[in-house]
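Please look through this structure with me. We start with the whole chains and then move to single elements.

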Amino acid sequence: MAMLGKTANGLYWMYRYLERAENTSRLVETGQRIGLTRLGQDDDEWASVMQSASVLDAFRAGHDEVTKEAAIDWMLRAKDNPSSVLSTISEARQNARMVRTALTHEVWEAMNGCYMAARDILARKVSERDLPKVLGLIRQRTALVRGATHGTMLRNDIYDFARIGTFLERGDNTARILDVKYYVLLPSALSVGSSLDNVHWETILRSVSARGGFRMAYGSQVNARDIAQFLILDRRMPRSLNFCASKIHDNLRYLVSDYGEETPSFHMAQSLVDRFAHHDIDAVFESGLHEYIQSVLISFGQLGGQIEKDFRFYE
Amino acid sequence: MSEDKIFDEMWGRDETLRTPYTEFQGWFQDEDLKRLRAKQREAEEVFRLTGITFNVYGRAEAEERLIPFDIIPRIISGREWQKLCKGIEQRVRAINAFLYDIYNRQEIIKAGRLPQDMIARNEAFLPQMIGMMPPGGIYTHIVGIDLVRTGPDQFYVLEDNARTPSGVSYMLENRETMLQMFPELFARNRVQPVQNYPADLRRSLAACAPNRCEGVPTVAVLTPGIYNSAYFEHAFLADQMGVELVEGHDLRVVDGRVAMRTTQGYQPIDVLYRRVDDDFLDPLNFNPESALGIPGIMDVYRSGGITIANAPGTGIADDKAIYSYMPDIVEFYTGEKAILENVPTWRCSDPDSLAYVLDHLSELVVKEVHGSGGYGMLIGPTSSKKEIAEFRKKLMNKPGNYIAQPTLSLSTVPIFTKAGLAPRHVDLRPFVLCSPEGINITPGGLTRVALKKGSLVVNSSQGGGTKDTWVLED
């Protein structure tokens with residue numbers, strides 16, 4: 001059974017937006033956390049955080065200076081910021097309404113409940129004191145949608161498009177964080193142990209919820225090479241570029257077997273996964289970390305475009 | 001019309017508990033008002049979370065409103081319902097026969113029972129349907145008959161909804177909510193189920209598939225989109241039936257069939273349950289500005305490639321000007337007197353009637369012939385002198401646009417208020433399905449209730465609410 005192209009599109013975007021909402025709130029958390037541990041200079045960090053979320057340019061267009069309060073408000077609530085938590089949750093829910101017939105009741109109610117909770121809690125400016133509570137609630141609510149998805153949805157094409165949206169957004173997000181911070185990871189910046197570097201690394205790991213995971217995999221010694229290896233090539237790390245690409249590849253493969261037709265997007269995902277399989281991190285550094293990440297970002301973008309065409313998202 | 005005391009469906013006219021409410025009253029007496037107030041709030045929360053909302057036209061996306069739900073069921077006995085069903089079935093058969101006749105030989109006009117003008121000059125008449133036989137011979141597949149009650153045995157048809165009756169999702173969700181909140185009340189009463197409606201609807205639609213259809217008919221629901229006020233209902237019905245919910249831009253004509261764009265290419269649709277008005281259905285055949293429709297769908301329809309439910313042009317049967325002829329229409333096609341009565345109606349196009357209406361504006365309800373949703377109407381007894389004077393001007397300007405009816409003393413049923421039960425006026429919209437297999441009436445329907453004390457306007461757009469409607473097994 002095929003599904004409507006529009007529905008595939010709606011599912012893909014519902015889960016992309018949901019993922020983006022989580023990523024943005026995670027970045028806000030990172031910014032606040034870093035600010036707390038670096039007395040006095042915290043506001044610099046917010047420009048970098050907004051840059052990681054790709055919302056800095058739009059912020060600058062409407063604000064003269066970067067302040068903590070303005071940055072938090074921009075990332076959490078701003079209606080004219082399409083990537084703010086409130087905007088993305090509204091979009092996710094709007095897409096969910098569009099594809100409601102493809103969702104289970106549990107998923108729809110979790111999504112609608114997530115939207116209602118976010119709308120209420122973000123109706124007013126969030127004070128710093130309330131920030132942990134607000135971020136915690138958003139994390140819980142989005143996790144509930146994801147949990148309901150795992151627990152109640154059939155593993156069919158509907159699920160595949162939801163997963164593809166999730167992992168394209170996630171891979172894109174990790175790549176952008178790396179792209180903003182790549183210079184910190186360069187060998188020339190390897191003044192190991194200096195407090196400045198620790199802050200940068202911690203920012204990176206926090207931004208992708210990887211501090212605990214990294215410690216488990218590599219111990220407490222942090223170095224640039226290991227971080228790059230972990231976030232780009234690690235097969236266990238659920239936000240690494242390799243992991244995201246292979247999940248997209250898996251779901252495209254299920255679609256190939258369901259629909260009995262090999263799509264160009266499947267081949268693109270295949271070559272992306274192959275690339276990660278044959279690379280080691282030293283080669284990545286050799287070819288240029290920045291260029292490498294740029295090329296992955298471009299590949300993710302092209303893959304998304306091809307999926308839209310292959311599955312007739314639009315007319 | 002009776003000038004007596006208003007008939008209450010629980011307490012009658014003389015404060016004697018009526019039989020259908022016996023078990024309910026026994027339960028209610030033992031209930032704690034505080035618990036019920038909490039239940040009322042709980043119900044609202046369920047509706048909000050489920051997203052049973054309607055969008056308010058011309059407002060931002062945030063403006064999704066709940067139709068207020070009242071937790072006190074309206075209860076009808078099986079015997080009362082049986083009687084109503086006979087009348088509804090007769091009326092729906094007549095409507096389908098009328099539509100066939102009007103778009104074919106027009107015998108009713110030849111017989112002098114309906115003036116030619118009523119059809120020829122009616123905007124709801126679709127010339128494109130002339131000589132067209134819809135698949136299965138059914139014009140109006142889904143009908144909602146609006147009824148009001150004035151006494152124990154006195155029901156009137158207020159309005160026929162033959163084009164796209166809405167509200168059935170509320171009937172289903174109201175019941176679902178009641179089942180969740182008051183299981184013990186259902187244990188004490190044998191309430192006839194309404195939950196089969198989506199399955200019945202799907203079967204009824206599939207039974208109307210065109211001859212070109214091979215195998216299991218593919219059914220789809222056509223919606224104007226997520227900004228439409230009834231979008232929730234469209235999605236709900238598609239979901240419950242297990243069929244696709246499509247918009248105009250998901251469809252196009254491919255190889256003489258209407259097909260939907262899927263992830264694997266275009267696939268033909270056999271039966272389209274459309275919730276888009278005639279005018280927007282096909283930009284090639286009707287309104288060229290329409291972005292909601294499917295160019296060329298009417299040509300596929302005429303060639304027998306798809307069933308459109310309800311058929312285009314059915315609006316001619318629920319037009320308010322035609323309404324006043326319904327008793328004649330029923331008699332003409334069924335050979336029997338109409339079982340369900342019409343509300344006496346003055347057609348203002350007729351000079352004598354107009355004169356009467358102008359003299360009695362303060363007693364009458366005056367409605368626009370093509371209006372809906374309770375807009376553009378005058379309720380004489382509750383209007384100020386100024387409002388009446390203004391309306392008089394409009395009426396004299398275009399008398400043909402209006403009909404007038406006496407103000408009925410609509411029955412009341414109890415609603416739950418802060419102070420306990422209080423009577424409010426109601427109407428009832430039962431839902432009817434027609435196919436070559438027969439006519440199916442879901443026991444119950446949508447009860448709309450005017451929540452304001454004394455108000456007769458039950459429309460949700462004007463502050464009305466809804467209730468679960470119970471038909472008991474006798």
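## Ground rules

Residues are numbered from 1 along each chain as its sequence is written, while chains are lettered from A and ligands numbered from 1 in the order in which they are written. This is a predicted model, in which local features need pLDDT of at least 70, side-chain atom pairs count only at pLDDT 80 or more, and totals for chains, interfaces and linings use all residues.

## The two chains

Helices (H or I, at least four residues) and strands (E, at least two) are DSSP runs, numbered from the N terminus. A residue is buried if 20 or more other C-beta atoms lie within 10 Å of its own, exposed if 12 or fewer, and partly exposed in between; C-beta atoms are placed from the backbone.

| Chain | Elements | Residues buried | C-alpha extent along principal axes |
|---|---|---|---|
| Chain A | 15 helices, 0 strands | 50% of 315 residues | about 60 × 50 × 35 Å |
| Chain B | 16 helices, 23 strands | 45% of 474 residues | roughly 65 × 55 × 45 Å |

How compact is chain B? Its radius of gyration is 23 Å, close to the 23 Å of the globule rule for 474 residues, so chain B is as compact as a globular protein of that length. The radius is taken over C-alpha atoms, and the rule is 2.2 Å times the number of residues to the power 0.38.

Contacts tell us about reach along the sequence. Two residues are in contact if their C-beta atoms, placed from the backbone, lie within 7 Å. Take contacts between residues at least 6 apart in sequence. In chain A, 71% of these join residues at least 24 apart. In chain B, the share is 69%.

Chain B also has a domain assignment; such bounds come from an automatic or database assignment. Domain 1 covers 19-120 + 139-193 + 326-339 + 423-471, and domain 2 covers 346-406. Their centres, taken over C-alpha atoms, are 26 Å apart.

## Helices

Axes are lines fitted to C-alpha atoms, for helices over the stretch in contact, and angles run from 0 to 180 degrees between N-to-C directions. Angles under 35 degrees count as roughly parallel, over 145 as roughly antiparallel, 65 to 115 as roughly perpendicular and the rest as oblique.

In chain A, helix H6 (residues 105-121) packs on helix H7 (residues 131-152) at about 170°, with the axes 8 Å apart. H6(A) and H7(A) are therefore roughly antiparallel. Residues of H6(A) in this contact include Val107(A), Met111(A) and Ile121(A), and those of H7(A) include Leu137(A), Leu144(A) and Thr152(A).

Among the residues in contact are Arg91(B) and Phe98(B) of H3(B), and Ile329(B) and Tyr333(B) of H14(B).

Back in chain A, helix H11 (residues 224-233) has 7 of its 10 residues buried, so it is largely enclosed by the rest of the structure. Among them are Ile227(A), Phe230(A) and Leu231(A).

## Strands

Two strands pair if DSSP finds at least two bridges between them. Strand S11 (residues 271-274) of chain B is covered on both faces. Val271(B) and Tyr273(B) are buried on one side, and Leu272(B) and Arg274(B) on the other. S11(B) runs parallel to strand S6 (residues 219-222) of chain B, with 4 bridges. It also runs parallel to strand S12 (residues 307-309) of chain B, with 3 bridges. Val271(B) stands opposite Val219(B) and opposite Thr307(B).

Elsewhere in chain B, 3 strands form an open antiparallel sheet in the order S8-S9-S10. Its edge strands are S8 (251-254) and S10 (265-268), each pairing on one side only.

Asp255(B) counts as exposed, with 8 C-beta neighbours inside 10 Å.
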